[in-house]
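Look over the sequence and the fold, then read on.

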Amino acid sequence: MPHRKFALILPAIFVVGACTNTGANYQPVIDGPVSPNYSADLAQCQQLAASQASVDGSTAGNAAIGAAGAAATTAIIQDSSDNLGRAAAAGALIGAGADVIAKNQNKEVIVRNCMRGRGYNVVG
């Protein structure tokens, strides 16, 4: 059983580690000259993106949809209620995780658009 828990925690650690240049921490690729105010501009744009919620009502709604879908699928496929709780928990995590990932990507868009608005030629 301890190995099973480790197998679930390890992917979460990798996901968190992969988030260093994402969301509000995103540093866009700039083509062309960079002004002397680049660092301040980037910090302000990142702060603007960070002010957006990562978890809100839609996250809870997506978690509920994921839980219901996974539980229903498990009940249909297995024709048993033995694993409904586990399936619902996994579905809730997947639903909430997908919502948080979408919000994280939206924060990157905010940083890019903010930097473009400040006159930078953002290419990525």
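Exposed means over 50% relative accessible area, buried means under 20%, and partly exposed lies in between (1.4 Å probe, protein chains only). This is a predicted model: local features need pLDDT of at least 70, side-chain atom pairs count only at pLDDT 80 or more, and totals for chains, interfaces and linings use all residues. Residues are numbered from 1 along each chain as its sequence is written, and side-chain values use heavy atoms, with hydrogens and water left out. Helices (H or I, at least four residues) and strands (E, at least two) are DSSP runs, numbered from the N terminus.

**Helix H3**

- Helix H3 covers residues 57–78.
- Thr59, Ala63, Gly66, Ala67, Ala71 and Thr74 are buried in H3.
- These buried residues fall within an arc of 120° seen down the axis of H3, so they line one face of the helix. The arc is that of the directions from the helix axis to the C-beta atoms.
- The buried residues of H3 pack against H4 (contact means heavy atoms within 4.5 Å).
- Gly57, Ile65 and Ile76 are exposed on the other side of H3.
- Asp79 follows H3 and has a positive phi, near 50°.

**The disulfide**

- The count is one disulfide (a pair of cysteine sulfur atoms within 2.5 Å).
- Cys45 is joined to Cys114, S to S 2.1 Å.
- Cys45 lies in helix H2 (residues 38–50) and Cys114 in helix H4 (residues 84–117), so the pair ties together parts 69 residues apart in sequence.
- Both Cys45 and Cys114 are buried.

Conventions. Expected span 1.5 Å × (residues − 1).
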